[in-house]
Amino acid sequence: MGIGGISEVVLKKIILSYTYVSIWIFLSFTVIVYNKYILDRKMYNWPYPISLTMIHMGFCSSLAYLLVRVFKLVEPVSMSWDLYFKSVVPIGLLYAVSLWLSNSAYIYLSVSFIQMLKALMPVAVYSIGILFKKEQFKTNVMANMLSISVGVAIAAYGEAKFDPWGVILQLGAVAFEATRLVMIQILLNSKGITLNPITSLYYVAPCCLVFLTVPWMVVEYPLLMETSSFRLDFFIFGTNSFCAFALNLAVFLLVGKTSALTMNVAGVVKDWLLIAFSWSVIKDAITSMNLFGYAVAFLGVCFYNHAKFVAMKAKEDEEAQRKAAQVDEEAGRLLEEKEGSDNFAAKKPESQD
């Protein structure tokens, strides 16, 4: 027996789905606020975004290696060295720059304003997709993208602590991340290779670590030596890195047990929670124009997600109909063959007479 006519199996699935969503929102929320706490000069005051990203990548690489190679909890992807260097390494470079720029933005911008700027991600992905011929230009979709851009522009105009350099860093992070997502389609998915968050860390995180070493030696290493900031608080950085890795595990569970669309919807909820937290706890100034602009962008993002869902559903229905037609055609062919053999068997005794 279930509750309100809902079977126990369905009820269990609903509870599990909400549990996965809650865990993902909590961890995503925690990582963003934790990174802000570490990097902000008015809080923990350790403004070294490249170093923090390298700590994350080193920690995640190690744990991913243990899960894939030692404990064998996740199957590795069959991949040649040639494919690795031509496909994974470029994605690793884009990911490294995206993380570097996004973490750098926390030094200059509020958590709430960063979330508002991140609403431009669908715009960037669609635009770059058109550039690389992975998306088709459609007037209605571009109008939707324009509404998101206008909303973010209004939010930026109303920002109380607008920092041009911080905005450039965050927009750069969005551009590199969007390019990475499109390149995954071109360099990996088109070749039949799909990486989940764990195998993605296993293959990509070491690349990020190597690529970040170069700017780290030039930009942050001299400053760390000068300020003696090499002495790390292992509790702070250990728990921060663990949360970053746990977030990838949560993505693995959320997408695997629900869908990517569920994660997009959960991401919208998380953004509003972060804005509320930024205003109420961190005491970031949020203006009415901020909220109005983000509300416009938010509606645009919701419409975009809805349109993607409808398109995906239509594609699934079309695929199901095509398979059903193939089954009917095959059944008809077998029936014709059977009737033909029956007729042949019936005629054979007559010829013998």
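Predicted model: local features only at pLDDT ≥ 70, side-chain atom pairs only at ≥ 80, totals over all residues.
Contact here means that heavy atoms lie within 4.5 Å of each other. With that in mind, Ala155 of helix α6 is in contact with Phe113, Met116, Met289, Asn290, Gly293 and Tyr294, once its neighbours within four places in sequence are left aside.

**Helix α3**

- Helix α3 runs over residues 81–105, and its 25 residues, at 1.5 Å a residue, should span 36 Å, which agrees with the 35 Å that separates its end C-alpha atoms.
- There is a kink of about 35° in α3 at Val88, and this kink comes shortly before the proline Pro90.
- The helix α3 is mostly covered, since 18 of its 25 residues are buried, where buried means under 20% relative accessible area.

- Tyr126 is 29 residues from Ala155 along the chain, and the C-alpha atoms of the two are separated by 21 Å.

**Leu273 in helix α10**

- Leu273 is placed in helix α10, which covers residues 260–280, and with a relative accessible area of 41% this leucine is partly exposed, because that value lies between the 20% limit for buried and the 50% limit for exposed.
- Residues that Leu273 touches, not counting those up to four places away in sequence, are Ile25 and Phe29.
- Although Leu273 and Ile25 are 248 residues apart in sequence, their C-alpha atoms are 9.2 Å apart in space.

**Two lysines in loops with positive phi**

- Lys133 sits in the loop between α5 (121–131) and α6 (139–157), and it has a positive phi of about 60° although it is not a glycine.
- The relative accessible area of Lys133 is 75%, so this lysine is exposed, the class that begins over 50%.

Notes: Residues numbered from 1 in each chain as written. Heavy atoms only, no water. Helix = DSSP H or I, 4+ residues; strand = E, 2+ residues; numbered from the N terminus. Buried < 20%, exposed > 50% of the residue type's maximum accessible area, 1.4 Å probe, protein only. Expected span 1.5 Å × (residues − 1). Bend = angle between axes of the 7 residues up to and from the residue.
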